[in-house]
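My notes follow in the order in which I looked things up.

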Amino acid sequence: KSSAVGFSVIIGEGAGGADMTATADGTVAIGYTALAAVTSGESNGANTAVGYQAGMAITDGSYNVLLGYDTGKALVSGDSNVFVGWKAGQTIDNASHNIAIGHNCMSTSSNASSINNIAIGSNALDAISSNNANNNVCIGFNSGTAMLGTDSNTLVGSYAGDEITTGGDNTCIGYGTDVDVDAHNQTCLGS
């Protein structure tokens, strides 16, 4: 741990263990290897990670909030992400401006280009893997759970849009509402 960093809280074996610079001021790392690799960030761009291995690979990412077991575990230099819940955002490496709240949300995404996604609910938007997915809103249990490379879908309700794989610019509101797997510019309301 470096004496160059200040205003920080580091608690747990291996937490905040890298040699931090002053640009990591304000870092909060609580839990086994939480933020273990952080060395810097943007000026006062502190990260907050609470949980077992939360944000353990971040080196120079900034403004991330990670709460839960393995949240943001593979994140290296992504910025302004919020991951809350068991394995939320677990395999995301460099993506930015994503919000994943819930058990396993966005847990298999590893594409650095996936930005501006909101996933709330267990397993929401959890299949994007190495595909590019941007500007999606998935709210509800298993909403958008099959989406691979797709953009600009709004899915609200349990199982909403859970069959969409590559379709984009769709709106599904209500329990189990769906469009064709590769549909574009469709709206589906109901339950």
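I start with burial: buried means under 20% relative accessible area, exposed means over 50%, and partly exposed lies in between, with a 1.4 Å probe and protein chains only. By that rule leucine 155 is buried, because its relative accessibility is 0%.

Ground rules next. The model is predicted, so I note that local features need pLDDT of at least 70 and side-chain atom pairs count only at pLDDT 80 or more, while totals for chains, interfaces and linings use all residues. Residues are numbered from 1 along each chain as its sequence is written, and side-chain values use heavy atoms, with hydrogens and water left out.

**Entry: the sheet**

I looked up the strands. A strand here is a DSSP run of E with at least two residues, and numbering starts at the N terminus. Two strands pair if DSSP finds at least two bridges between them.

I then took the pair at one end. Strand 1 and strand 2 (residues 28–30) run parallel and are joined by three bridges. Isoleucine 11 has isoleucine 30 of strand 2 as its bridge partner.

**Entry: leucine 155**

I went back to leucine 155. It sits in strand 9 (residues 154–156). Cysteine 138 is 17 residues away from leucine 155 in sequence. In space their C-alpha atoms are 4.7 Å apart.

**Entry: a nonpolar patch**

I looked for patches. They are made of residues with over 30% relative accessible area and no salt bridge; like charges are joined within 9 Å, and nonpolar side chains (Val, Leu, Ile, Met, Phe, Trp, Tyr) within 5 Å. Accessible areas come from the Shrake-Rupley method with a 1.4 Å probe, and for residues only the protein chains shown count as cover. One nonpolar surface patch covers about 510 Å². Its members are Ile99, Ile101, Ile120, Ile139, Val156, Ile173 and Leu189. I picked out isoleucine 101, which lies in strand 6 (residues 99–101). Isoleucine 101 is partly exposed, at 34% relative accessible area.

**Entry: cysteines**

How many disulfides are there? The count is zero. A disulfide needs a pair of cysteine sulfur atoms within 2.5 Å. The closest cysteine sulfur to that of cysteine 172 belongs to cysteine 188, 5.2 Å away, so the two are too far apart for a bond. Cysteine 172 is also buried, at 0% relative accessibility.

**Entry: the salt bridge**

I found one salt bridge in the structure. The rule asks for a side-chain nitrogen of Lys or Arg within 4 Å of a carboxyl oxygen of Asp or Glu. Lysine 73 and aspartate 70 form it, at 4.0 Å from N to O.

**Entry: loops**

I checked backbone angles in the loops. Threonine 33 is not a glycine, yet its phi is positive, near 55°. It is found in the loop between strand 2 and strand 3 (48–50). Threonine 33 is buried, with 12% relative accessible area. Serine 80, also not a glycine, has a positive phi of about 55°. Its loop runs between strand 4 (65–67) and strand 5 (82–84). Serine 80 is partly exposed at 26%.

Threonine 39 is in the loop between strand 2 and strand 3, and threonine 59 is in the loop between strand 3 and strand 4. They are 20 residues apart along the chain, with their C-alpha atoms separated by 5.4 Å. Threonine 39 is partly exposed at 28%. Threonine 59 is partly exposed at 27%.

Definitions and conventions
Helix = DSSP H or I, 4+ residues; strand = E, 2+ residues; numbered from the N terminus.
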